[in-house]
Amino acid sequence: MKTVSVIIPNYNRAQDLLAAVMSVLAQTYPVLEVIVCDDGSTDNGKELITALNDSRVQWLDCGKNGMPSIPRNKGIAQSKGEWLAFLDNDDAWHPEKLAKQMDALEKTRLLASSTNAYRINHEGKNLGVLHSHALPAVLTMDELIHINWVICSSAIIHCSLLDKVIGFPESPTLRALEDYALWLRVASITSFAYVDEALVNYKDLPQQSIRANDDGKYIQRERIFDNFYRWCQSTQMSEELTKRARKMVRHAMRHNGKSIFERLRYK
């Protein structure tokens, strides 16, 4: 059986965090470890997690960073599993989530996977599935360039990818966008085995989200694609992929009203 490490970034959501961890421990596919990567919480989350008295659950103090990418990366650095699964502290998994993904990964021989999810509002009401129309069983770079179809709390990647993709970008300009930036890097190496079932309860709380004050769509995309382009250059990815990344940046810049002279930086 393949080993799975679960990475949960956390800040001051004690009860939600407890439910998230419990949903991992209830998986029909057992996990090697659950690493709660705490970003300077001041509530009683640590006491609740410690009280579980489960050797698989670790509390990792990460200081105060204000960005989920940093504690996630610290959790990744400490992980020992062959596969890394990500879960936000206010989301929860359905019991067969990991088992179905590991089965899909075994069948496809891919190195990453994601699933659909149910949207849950602030009252705990189920608003239906997040992806309302069917997606292909394999999500390629072509699909992800247009829309980020990978829900972070559903994502699993193989640890062998880390030498190349490095981890979640920690730039402040990518705050709340770092997962999309990482999935593009992953998709340049392996497609995602997509399980078209809602196997995650995803808390959709726009008023509490760190995305609440984000800039417009194409400004976000310019930042993400610029990060992807620079990563392609720094890791010496193929000339074809680097050119494609450059084209993606220029397209977003054009939508943002950037002048031809500004776009020439990516000629």
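Entry one, the cover of a helix. I note here that the model is a predicted one. Helix α3 itself spans residues 69-78 and is mostly covered, with seven of its ten residues buried; these are S69, I70, P71, R72, N73, G75 and I76.

Entry two, the partners of β10. I found that strand β10 (residues 192-203) pairs with strand β5 (residues 92-93) in the antiparallel sense over two bridges, and that W93 has V200 as its bridge partner in β10. With strand β6 (residues 112-120), β10 runs parallel and is joined by seven bridges, where T115 stands opposite V195. Strand β8 (residues 138-139) runs antiparallel to β10 and is joined to β10 by two bridges, with L139 opposite F192.

Which residues of the largest nonpolar core touch the most other members? Among its 47 residues, they are F86, I157, W183, V186, F192 and F228. The elements giving two or more residues to this core are β2, β4, α5 (141-146), α6, α7, β10, α8 (217-234) and α9 (239-255), and α7 gives the most, with seven residues. I then followed F86, leaving out residues up to four places away in sequence, and its contacts include I7, I76, W93, I157, F168 and W183. I also noted a second, separate core of 31 residues, which includes V34, I49, L98 and L110.

How values were computed. Residues numbered from 1 in each chain as written. Predicted model: local features only at pLDDT ≥ 70, side-chain atom pairs only at ≥ 80, totals over all residues. Heavy atoms only, no water. Pairing = 2+ DSSP bridges. Helix = DSSP H or I, 4+ residues; strand = E, 2+ residues; numbered from the N terminus. Buried < 20%, exposed > 50% of the residue type's maximum accessible area, 1.4 Å probe, protein only. Core = buried A, V, L, I, M, F, W, Y, C linked by side-chain atoms within 4.5 Å. Contact = heavy atoms within 4.5 Å.
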